[in-house]
Amino acid sequence: MPWQRDSRTCSFELKAMQKSSTYPIILFLLSFFSTAWQPLNGQGPFTCEGQVFVLSSLSTELSDLGISPANNSLSFTPISPNLGQTLNALGFRSTDRLLYGIGQADQHLYRIDADGTLEDMGALSLNPNLQYLAGDISPNGRFLTVVGSANGASQSLVRIDLEDPGLNVQTSSISSALRIPDMAYNPLNSLLYGYDANGRTAFTINPATGAVTALAMAIGAQNDIQGLFFDPFGRLFGYGTTSFGVASALFAIDKSTGQEIVRQTGPVYPITDMASCPYSVALESRVGPRATFPCSQVSYVYTLGNSSGVLTGLSLEHALPPGFSFVSLVRNPYGGTLSAPAPSNTFRLENMSAPKGIDSIIITVEIGDIAGGNYKSQALLDGLPPSLGIARPSDDPVTLAAQDSTGVVVNRIEEDSLFFDRFLCLGESTTLDAGGFGNNIQWENGSAIPQRVVSTEGLYTLEAISGCQSIFVSYNITVASCPYTIELALQILPEETFPCNEVIFRYGIENDSGLPRAGVSLADTLPDGMTVVGVLNNPFGGGLAAGLPAGVLRIEGMTLPLGTDSVDVVVAVGDVIPGVYRNRAVLGMLPAALGQARFSDDPRTPLVDSTTLTVFGVESDTVFVEQLICNGQPLVLDGRPYGASFLWEDGSTGPLLTVSSAGEYQLAVFDGCQPSFVFFTVVEGDFIEARFPDDKVSIHLGEEYRIEPILSNSGDTLIIGWNDPLGNSLSCTDCLTPTAKPLDHTLYTLRVSNGLCADTALLTFLVDKSRRIYAPTAFSPNGDGRNDYFFLQSPDFGILRSLSVFDRWGNQVFHSTEAALNEASSGWDGQVRGKPAAAGPYLWTAEIEFIGEIREVFAREVNLVR
């Protein structure tokens with residue numbers, strides 16, 4: 001529905017859902033106002049259409065809360081970008097249709113008109129030590145009821161008499177345990193509701209006494225309520241944040257329990273207060289059933305929410321969709337005159353009188369013989385006073401869109417019959433629902449109830465009749481154990497053969513579906529050149545289909561009992577070309593709900609795939625094979641790929657022949673369809689050899705060693721590869737002479753190749769891991785440049801973590817940490833606290849960390865000589 005605009009208002013609806021006994025949907029109307037700041041020259045009232053007004057906590061902006069039609073998100077449209085005052089205790093007065101609030105800085109009463117113009121009404125007799133943040137105006141427009149708080153604790157309930165020229169103030173006490181951010185009056189019964197942020201509960205409060213009655217349910221921990229308001233239907237809503245402050249949120253709040261439900265979200269917009277104008281009229285249009293058939297009847301229910309007072313001279317008109325006809329007025333609590341339908345698809349009720357409250361009009365509508373589809377339409381309530389906006393379009397409360405049309409889905413089934421397959425696990429049941437096919441149902445067992453619960457396998461049929469159409473529906477129910485298994489595996493025995501031989505195709509069938517399966521077929525189209533000889537074993541019954549080509553197998557009418565068994569079929573392999581032949585069979589005529597076919601699987605492989613048969617042999621009666629012999633090493637000639645019966649030229653009959661020299665070697669093979677000859681040509685490859693002067697090398701831990709192998713190569717190419725078991729102990733793995741620095745015993749492997757022949761050599765490294773430390777037994781710190789320092793030396797890599805020297809009485813005379821070995825400056829210079837130490841024996845201890853994070857402690861004696 002497009003936005004309704006005039007010089008002061010721009011409105012659209014925001015809807016929410018809340019459970020009720022009849023219709024679980026709620027609707028409220030919010031309006032946008034867009035106008036500039038006006039000078040104070042007389043205040044114009046708002047047109048009351050259910051607007052919700054909010055005061056920003058980040059500025060003095062007054063905005064209209066609504067829903068953006070672009071993304072159905074909460075949005076805020078400024079009425080006044082800058083009021084010039086920070087206001088709280090905001091309320092809408094029904095009698096003059098203006099907003100009122102209290103200045104936070106001066107405790108003056110202010111009122112705001114539709115242009116956002118602010119008027120100072122004077123100072124209020126309020127406690128200057130309190131802040132007045134929460135408030136609302138009573139439905140009769142007399143009292144602005146506010147809460148006085150100090151340090152967030154509510155202390156007093158104040159009623160300001162707006163009809164008194166002196167703005168008389170009445171005060172009553174309330175519990176200081178409450179922290180109340182906002183309150184709102186129910187426009188239908190004048191009950192005052194509030195929210196306690198400490199207890200996280202909504203409550204009702206007696207405006208005269210301050211007595212509070214908390215509702216039962218607390219607000220969820222992820223939600224926060226900052227403001228409250230009512231809509232024209234008397235439904236309570238809250239605004240705040242959800243998901244722990246991630247997004248702003250609109251909540252529907254149950255007035256009986258206090259339970260909140262998130263209805264809409266949007267960007268975070270913190271507020272100080274809010275108020276609504278619920279003293280208006282809203283119209284909802286529902287239809288039932290929402291889905292029906294041609295030539296049937298539906299009921300439209302128009303619910304009128306009137307919080308403005310008694311209204312007269314109203315009219316309700318609904319232009320129904322094409323093919324819909326008004327039949328009768330079923331319920332009308334508002335009186336008036338029913339206009340004669342002109343045209344027949346228009347319903348109009350005139351001169352109605354609507355008291356304050358909520359009630360509904362119900363009509364019956366006939367749907368003609370029309371095409372299927374979603375038929376949308378909208379009613380219009382007009383004759384409203386200008387202060388309420390003159391007219392109000394209906395809204396479909398089932399949807400989130402604002403002031404939208406109400407739809408009826410007409411199901412027209414063009415087919416005469418429908419067929420469905422359903423699958424059930426053993427022990428389960430399912431409900432067959434025929435309500436979507438027609439209004440009058442007749443099952444094959446005589447039942448006329450649309451829903452039918454079944455748990456056994458079988459065919460269930462019905463006839464559905466709905467006015468203009470009749471349809472036959474069939475449900476084929478298949479029952480199986482869950483998880484169920486019907487699988488087909490294919491093995492070929494043997495897996496390798498030669499032309500002009502026979503093999504067995506073994507079809508293994510597993511039925512773990514919970515029930516025997518009858519009428520099953522097994523079909524297999526064999527690879528070219530292979531034919532069916534006969535069925536060797538078949539425990540499943542049925543018979544071979546007649547009239548098929550010799551390479552096609554089909555067994556029909558089999559019955560699969562529970563369990564696993566197999567069918568064996570003898571297959572002749574003809575004079576085919578040697579190679580790998582793939583084959584896949586199919587098990588068919590299974591129940592549709594189980595999947596009507598199963599393709600065979602090769603049980604030797606982890607994947608579901610075809611089964612292979614390898615056919616050896618030669619493609620002609622003569623085959624020439626060339627092979628390479630290297631470095632005089634024996635070479636084995638293998639005749640197995642060419643046959644199963646062998647005769648070598650030396651008279652041997654085995655499949656293998658070992659040779660040690662180049663030459664021609666002849667083999668006759670007799671398996672297959674005819675004898676064949678294989679001629680092996682053995683040629684000498686380029687010589688290559690690698691070796692080491694010594695097959696063992698001994699080094700000390702941390703030392704490096706350059707490896708220099710001895711290489712002979714008569715070829716033109718050299719490819720080098722080292723195997724380093726330690727991972728990073730060789731300087732390179734593709735060079736001939738790498739540098740080795742192993743930290744442990746290891747065996748290096750060198751492989752060299754010239755592209756034709758290769759050789760391998762092994763080299764063992766033995767690593768001495770003992771630690772070598774050299775320390776002087778005496779030193780003479782006399783400045784002659786010789787033996788002036790006591791320090792430690794080692795050919796092994798290490799770090800001196802600590803070095804300490806003690807005199808004969810155990811006093812420490814020197815200590816150093818994290819020093820280097822082999823450096824005099826890291827040792828003791830014979831001084832103690834800047835003075836020469838006495839000559840004589842001293843004890844030293846040192847902790848040294850070697851390669852591999854191995855730490856050792858050493859201790860000895862040293863003599864200081866003067």
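Colleague: Is Cys295 buried, partly exposed or exposed?
Modeller: This is a predicted model, and Cys295 has a relative accessible area of 27%. Buried would need under 20% and exposed over 50%. Cys295 is therefore partly exposed.

Colleague: Which residue does a disulfide join to Cys295?
Modeller: Cys295 lies in the loop between strand S25 (291-292) and strand S26 (296-306). Its partner lies 173 residues apart, in the loop between strand S40 (458-466) and strand S41 (469-480). The S to S distance is 1.4 Å, and the pair counts as a disulfide because the cut-off is 2.5 Å. The partner is Cys468.

Colleague: Is the link of Cys500 and Cys673 left-handed or right-handed?
Modeller: The sulfur atoms of Cys500 and Cys673 are 1.5 Å apart. The angle about the S-S bond is 90°. That link is right-handed.

Colleague: How many residues apart in sequence are the parts that Cys48 and Cys277 tie together?
Modeller: A disulfide joins Cys48 to Cys277. Cys48 is in the loop between strand S3 (26-32) and strand S4 (52-56), and Cys277 is in the loop between strand S23 (271-276) and strand S24 (281-288). The pair therefore ties together parts that are 229 residues apart.

Colleague: Is Cys277 buried or exposed?
Modeller: Its relative accessibility is 1%. The cut-off for buried is under 20%, so Cys277 counts as buried.

Colleague: How many disulfides does the structure hold?
Modeller: With the bonded cysteines numbered in sequence order, the pairing is 1-2, 3-5, 4-6, 7-9, 8-12, 10-11. The number of disulfides is six.

How values were computed: Residues are numbered from 1 along each chain as its sequence is written. This is a predicted model: local features need pLDDT of at least 70, side-chain atom pairs count only at pLDDT 80 or more; totals for chains, interfaces and linings use all residues. Side-chain values use heavy atoms; hydrogens and water are left out. Helices (H or I, at least four residues) and strands (E, at least two) are DSSP runs, numbered from the N terminus. Buried means under 20% relative accessible area, exposed over 50%, partly exposed in between (1.4 Å probe, protein chains only).
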